[in-house]
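Q: I have a new structure open and would like to go through it. Can we start with the surface?

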Amino acid sequence: MGHLLENDLLIELFAFLAADELTLAEERLQGIPLGSAVLQNQSVAVRTYFAEYHLEYFRQREYQHFPSRLHAVSLFATRSDAEVFGHRHPQRVLGKSLVPIRNQGSYLCSFHDASWLDYLRLPHCLSLEELDRIAGYYWRGELAEAVELTYLEQRWQEPPVIEVLFRGTLMTDAKRLPAGRANG
């Protein structure tokens with residue numbers, strides 16, 4: 001599985017953090033979910049919950065060795081991915097700064113196209129078979145734009161935004177150990 005990594009090599013990822021999150025006293029970041037903004041209405045909340053529920057349900061059945069979306073930190077693979085996400089969802093990044101994040105020590109992470117979540121959150125009715133098919137694409141690391149999706153009888157296509165589900169210890173640049181000092 002090329003999109004699942006268990007390693008201790010240095011990896012740089014990106015996150016949108018509020019000023020108070022940047023001044024955390026701890027070196028470990030405690031969860032930065034992509035959808036952390038307050039949801040605007042109940043319908044959106046239900047669709048978001050259902051999308052997350054089905055992805056987690058499918059992961060538990062077919063991809064148990066992958067980090068859970070519920071227990072991992074959601075980051076972005078590149079600065080470009082984060083910027084596309086910010087343009088697509090300005091309300092979720094309002095008042096936050098885009099910062100590089102690095103691991104400290106070993107980690108488990110997987111890479112996925114967050115566009116699948118945008119598609120799942122649309123106000124449409126999908127059968128259980130369709131939900132399983134989409135969850136399979138998501139957990140296999142496939143891009144949403146490579147699959148012919150429709151919404152309201154029109155082709156639905158968004159550029160990929162690669163999110164990283166990360167389990168391990170993370171540090172911002174402000175919390176980095178001085179150069180030449182051994183970790184641990």
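Q: Which residues form a nonpolar patch on the surface?
A: Y49, F50, Y53 and Y57 form it, with about 460 Å² of accessible area together. Patch residues have over 30% relative accessible area and no salt bridge, with like charges joined within 9 Å and nonpolar side chains (Val, Leu, Ile, Met, Phe, Trp, Tyr) within 5 Å. A salt bridge is a side-chain nitrogen of Lys or Arg within 4 Å of a carboxyl oxygen of Asp or Glu. Areas come from the Shrake-Rupley method with a 1.4 Å probe, and for residues only the protein chains shown count as cover.

Q: What kind of model is this?
A: This is a predicted model, where local features need pLDDT of at least 70 and side-chain atom pairs count only at pLDDT 80 or more, while totals for chains, interfaces and linings use all residues. Residues are numbered from 1 along each chain as its sequence is written, and side-chain values use heavy atoms, leaving out hydrogens and water.

Q: Where is Y49?
A: Y49 sits in helix α2, residues 42–62. Helices (H or I, at least four residues) and strands (E, at least two) are DSSP runs numbered from the N terminus.

Q: Is Y49 buried or exposed?
A: Y49 is exposed, at a relative accessible area of 57%. Buried means under 20%, exposed over 50%, and partly exposed in between (1.4 Å probe, protein chains only).

Q: And how many aromatic pairs are there?
A: The structure has 11 aromatic pairs. In one of them, Y53 and Y57 are stacked, 6.1 Å centre to centre with 5 degrees between the planes. Rings of Phe, Tyr and Trp (its six-membered ring) pair if their centres lie within 6.5 Å; planes under 30 degrees apart are stacked, over 60 edge-to-face, the rest tilted.

Q: Where do Y53 and Y57 lie?
A: Both are in helix α2, 4 residues apart, which is about one turn of the helix. Y53 is partly exposed at 44% relative accessibility, and Y57 is partly exposed at 36%.

Q: What about Y63 and F66?
A: That pair is edge-to-face, 5.3 Å centre to centre with 85 degrees between the planes. Y63 and F66 are both buried.

Q: Changing topic, how many helices and strands does the protein have?
A: There are 6 helices and 7 strands. From the N terminus they run β-β-α-α-β-α-α-β-α-α-β-β-β.

Q: How much of the protein counts as buried?
A: Of its 184 residues, 45% do.
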